[in-house]
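Take a look at the model below. The text then walks through the ligand and the pockets.

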Amino acid sequence: MTIADNVIELKNEIPEKVTLIAVSKTKPLEDMEEAYEAGLRNFGENKVQELIYKMDNFQYKDVKWHLIGHLQRNKIKYIIGRVDLIHSLDSIRLLEELQRQYEKEGKIAEVLIQINIGQEESKTGIFMEELEEMLKNCENSSNVKVRGLMSIIPVGDEISCRNYFKEMKKIFDNIAQRSYKNIKMEYLSLGMSSDYKVAIEEGSNMVRIGQGVFGKRIYNK
Ligand SMILES: *Cc1c(COP(=O)(O)O)cnc(C)c1O
């Protein structure tokens, strides 16, 4: 299967209203250009350095860039005004630093709050019990606009995945029903290559797909 074949298949599976983000980490620009030529316009990277390189060198300009991995505070300066959506607001300290640096540059950061729904030590994202405080702080950060939620759920079978997705959708709907300053629930970023169908069934409207677009990733050290 070529990348173009994969994209055609995914586009058949995924409703139009769901944003498909091609997760291109570790993959070369030529592969991304193939995905672009097959119709994809949203790309996701999990490392700032690789994201910057790809933004600088990708030949097509009408694309949206997503930072889907943990953002270190000392790297914010490289992405200000360049990234379309940061999926990984995962601490109040990061929020404060985003607010400070974006305000200084007169820019707005568009973000998703990342929730560690499985409460896993190995993952970033805030715990549910930290959500209220995060929301309160976001209300007071006028250069940071929250556009929704993101989660990377624990590895598990379909029933387990479905339950975590349902839980996320409930939280999303609950926040959407209240009215906060600087906070809108537009995007629910859930689902990857192995579970995107279940995620969409449970209400995801933004899926992050790497291997399903580009084939297996090979990490060489
Ligand atoms: C790598 C990655 C993905 C994509 O994973 P695949 O299994 O290749 O689809 C999605 N989200 C995040 C945050 C990732 O780091």
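What follows starts at the ligand and then moves to the pockets.

This is a predicted model, where local features need pLDDT of at least 70, side-chain atom pairs count only at pLDDT 80 or more, and totals for chains, interfaces and linings use all residues. Residues are numbered from 1 along each chain as its sequence is written, and side-chain values use heavy atoms, with hydrogens and water left out.

Start with the ligand. Around it sit Val23, Lys25, Ile68, Ile152, Met192, Ser193, Arg208, Ile209, Gly210, Gln211 and Arg217 (a heavy atom within 4 Å). This shell has five nonpolar, three polar and three charged residues (Ala, Val, Leu, Ile, Met, Phe, Trp, Tyr, Cys and Pro count as nonpolar, Asp, Glu, Lys and Arg as charged, the others, Gly among them, as polar).

Lys25 places a polar side-chain atom 2.7 Å from a ligand oxygen atom. For Arg217, a polar side-chain atom also lies 2.7 Å from an oxygen atom of the ligand. Gly210 uses its backbone: an N or O atom lies 2.9 Å from a ligand oxygen atom. The protein covers 89% of the 390 Å² of accessible area that the ligand has on its own (Shrake-Rupley method, 1.4 Å probe).

The largest pocket has a volume of about 630 Å³. Of its 29 lining residues, Lys25, Ile152, Met192, Arg208 and Arg217 are the closest to its centre. The lining divides into nine nonpolar, 14 polar and six charged residues.

The second largest pocket holds about 210 Å³ of space. Its lining includes Lys11, Glu16 and Arg41. By class, that lining has five nonpolar, two polar and three charged residues. A pocket here is an open set of points on a 1 Å grid over the protein atoms alone, where a 1.4 Å probe fits, with protein on both sides within 12 Å along at least five of seven lines; lining residues have an atom within 4 Å of a point.

Note on methods:
A polar contact is a pair of N or O atoms within 3.5 Å; within protein, one must be able to donate a hydrogen and the other to accept it, and residues adjacent in sequence count only if both atoms are side-chain atoms. Grid points are joined across faces, edges and corners, and a volume is the space filled by probe spheres set on the points.
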